[in-house]
Amino acid sequence: METVAAASYAGTAAGATRSPACCAAMSFSQSSRPKASRPPTAFYGESVRVSTARPLAARQTKAASRAALSARCEIGDSLEEFLTKATPDKNLIRLLTCMGEAMRTIAFKVRTASCGGTACVNSFGDEQLAVDMLANKLLFDALEYSHVCKYACSEEVPELQDMGGPVAGGFSVAFDPLDGSSIVDTNFTVGTIFGVWPGDKLTGVTGGDQVAAAMGIYGPRTTYVIALKDCPGTHEFLLLDEGKWQHVKDTTSIGEGKMFSPGNLRATFDNPDYSKLIDYYVKEKYTLRYTGGMVPDVNQGTQTSISAPAASNLSTEMQRSGK
């Protein structure tokens, strides 16, 4: 969880513009966080604003509806069974199922494909590896095959690509096909992350506008972790030997802990605020857990139910302020 908070803090303080894929990561990290209001928290002596809670009756009605929905989703369900219970939107079910099929193939290719460079770079200046481009193609193909995706873009191809789906009832998707691909050859865990927005917009939208966000984690186990806007928590699916996704875990809250996963520590030399944040973690004796990949670090934070209180509050505040 701290990966998102710390990295976002650095980017915000430096005046960076958040991309749709970043919104997906931020929204995903917040999806399993309790929604109840909390008292203002001091961070470096400054009060962090907390938005006013909705009326009690409205919160209770929505909570009851979500609880009933969650009760129908059982551990042991297949991906298709879970999605059918979790959302009435058949187009969203189809899109998430198609993405699951693509990630099933990526999991195999990560273990067997070339990790050599392709002698080209993407528009961000990062060298594109053969396995990057393979994952990128598989995901674009899956979105086109779904027939419900209007536009899509990725870290490798940031320009909008028309997938041929409808605007009304369709979706637009932003994704990072293989986060951490540079550490594949060291046999570290890597992953896919994507966000799903309704309609044909991927600009002028926020993480809160998403109808779904998900991660595929390719490590000792292959898992698919999904967050749906109207279904509480995050939901983890394990890829079984026979190639099926099985619902194995729900995470509906994240407890407080003392672990952090900072990104781009070199930025502390140019960004005093980011340096201050890292100093805070060190002085408070937080435990460093960093793999070099955002997806595995975010997964560790959400699925092990530990987080840094100050960083969590800061991350929430930045989302609310739209920075």
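Me: Before anything else, what counts as a contact here?
Reply: Two residues are in contact when they have heavy atoms within 4.5 Å of each other. With that in hand, and bearing in mind that this is a predicted model, 59% of the contacts between residues at least 6 apart in sequence join residues at least 24 apart.

Me: OK, and what's the overall make-up, how many helices and strands?
Reply: The chain has 9 helices and 14 strands, and 47% of its 323 residues count as buried. Its accessible surface comes to about 15,200 Å², with 54% of that belonging to carbon and sulfur atoms.

Me: Which residues have the most contacts inside the largest nonpolar core?
Reply: That core has 47 residues, and those with the most contacts inside it are Leu95, Leu96, Phe194, Tyr224 and Leu228. Helix α5 gives the most to this core, contributing 11 residues, while a second, separate core of 7 residues includes Phe260, Tyr274, Leu277 and Tyr286.

Me: Switching to serine 146: buried or exposed?
Reply: Serine 146 counts as buried because its relative accessibility is 1%, and the cut-off for buried is under 20%. The residue lies in helix α6, residues 130-146, and its side chain reaches the backbone oxygen of leucine 143 at 2.7 Å. Setting aside neighbours within four places in sequence, serine 146 is in contact with Arg94, Leu95 and Cys98.

Me: What about histidine 147, where is that found?
Reply: Histidine 147 is found in the loop between α6 and β5, and it has a positive phi of about 65° although it is not a glycine. With a relative accessible area of 55%, histidine 147 is exposed.

Me: Which loop holds asparagine 264, and what is its phi?
Reply: Asparagine 264 is in the loop between β13 and α7, and its phi is positive, about 50°, although it is not a glycine. Its relative accessibility is 46%, so asparagine 264 counts as partly exposed. As background, most residues other than glycine have a negative phi.

Me: New topic, the strands. How many bridges join β11 to β12?
Reply: There are 6 bridges between strand β11 (residues 231-239) and strand β12 (residues 245-251), and the two run antiparallel. Glutamate 236 has lysine 249 in β12 as its bridge partner, and in this hairpin, which has 5 residues between the strands, glycine 243 takes a positive phi near 90°.

Me: Last one, threonine 223: which strand does it lie in, and what does it touch?
Reply: Threonine 223 lies in strand β10, residues 222-228, and it counts as buried at 5% relative accessibility. Not counting residues up to four places away in sequence, threonine 223 touches Met215, Gly216, Ile217, Glu236, Phe237, Leu238 and Trp245.

Note on methods
Residues are numbered from 1 along each chain as its sequence is written. This is a predicted model: local features need pLDDT of at least 70, side-chain atom pairs count only at pLDDT 80 or more; totals for chains, interfaces and linings use all residues. Side-chain values use heavy atoms; hydrogens and water are left out. A nonpolar core is a set of buried Ala, Val, Leu, Ile, Met, Phe, Trp, Tyr and Cys residues joined through side-chain atoms within 4.5 Å. Buried means under 20% relative accessible area, exposed over 50%, partly exposed in between (1.4 Å probe, protein chains only). Helices (H or I, at least four residues) and strands (E, at least two) are DSSP runs, numbered from the N terminus. A polar contact is a pair of N or O atoms within 3.5 Å; within protein, one must be able to donate a hydrogen and the other to accept it, and residues adjacent in sequence count only if both atoms are side-chain atoms. Accessible areas come from the Shrake-Rupley method with a 1.4 Å probe; for residues, only the protein chains shown count as cover. Two strands pair if DSSP finds at least two bridges between them.
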